[in-house]
Amino acid sequence: VIVPCIYDEVADKFSEGLALLKQNGKCGYINTKGEVVVPCIYDDELRFFEGLATIEQNGKCGFINTKGEVVVPCIYDLAWPFSEGFAMVIQNRKCGYINTKGEVVVPCVYDFASSFSEGLAPVIQNRNWNFINTKGEIVLSCNYDWVNGFSEGFAAVKQNGKWGYINTTGELVVPCIYDFVGFFIRGIARVKQNGKLGYINTKGE
């Protein structure tokens, strides 16, 4: 027995060499040798992305590394997983971004923000959608009701209840005619129209 049956819950698989476990309502992690590397002291489930996991204590969020060391103290109201070296964090109801060292690279000034994908992140400020780069510079402005992140150079956008796609220059390359759209994977995206599902390519065909 590598890990004795003393935990209330354990993950069904290891991720980045670690497995989630729960004991007395608290979460922690063990490695493949059964050694506890993160003790069961955290309020919420931990998921490692890019070597770091979000932790929550006393209603505030931070990050630990795979050794269980706190690299970002629990000072944020909410923290999303790291993506491309950056994590979206919320403080005082505003969104911004930190790097893996915990340094603020984009201040918390946005009303909404999502993860970085392909070097860009969609954000809302004063009810306007923009894409920013990792320096916080606006590189693309979008006049849509909703905007998703880029995947293979295309981002899903919503207008008047329908979805389409723009490219990295902001050009609408697939018109907003679908009820649902997915991310492009290997040049193909799943779409829904009139209650039926199908696939399109990057030309909208």
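**Close-up views of a predicted model**

**View 1. Strands β10 and β11 sit side by side in an antiparallel pair.** Six bridges join strand β10 (residues 86-91) to strand β11 (residues 94-99). Take I90: its bridge partner in β11 is C95. This pair belongs to an open sheet of four strands, ordered β9-β10-β11-β12 with antiparallel pairing. At the edges are β9 (78-79) and β12 (104-110), each of which pairs on one side only. Strands here are DSSP runs of E, at least two residues long, numbered from the N terminus, and two of them pair if DSSP finds at least two bridges between them.

A quick note before the next views: this is a predicted model, where local features need pLDDT of at least 70, side-chain atom pairs count only at pLDDT 80 or more, and totals for chains, interfaces and linings use all residues. Residues are numbered from 1 along each chain as its sequence is written, and side-chain values use heavy atoms, with hydrogens and water left out.

**View 2. F86 and F116 make a tilted aromatic pair.** Their ring centres are 5.4 Å apart, with 50° between the planes. Rings of Phe, Tyr and Trp (its six-membered ring) pair if their centres lie within 6.5 Å; planes under 30 degrees apart are stacked, over 60 edge-to-face, and the rest tilted. F86 lies in strand β10 and F116 in the loop between β13 (112-113) and β14 (121-125), so the pair ties together parts 30 residues apart in sequence. F86 is buried at 16% relative accessible area, and F116 is buried too, at 2%. (Buried means under 20% relative accessible area, exposed over 50%, partly exposed in between, using a 1.4 Å probe and protein chains only.) Ring pairs also bring in Y97, giving a cluster of F86, Y97 and F116.

**View 3. Y165 and F184 form another of the ten aromatic pairs.** The ring centres are 4.6 Å apart and the planes are at 55°, so this pair is tilted. Y165 comes from strand β19 (residues 162-167), while F184 is in the loop between β21 (180-181) and β22 (188-193), 19 residues apart. Y165 is buried, with 1% relative accessible area, and F184 is buried at 1%.

View 4. With a disulfide taken as two cysteine sulfur atoms within 2.5 Å, the count is zero. C61 is buried, at 6% relative accessibility, and C142 is buried at 10%.
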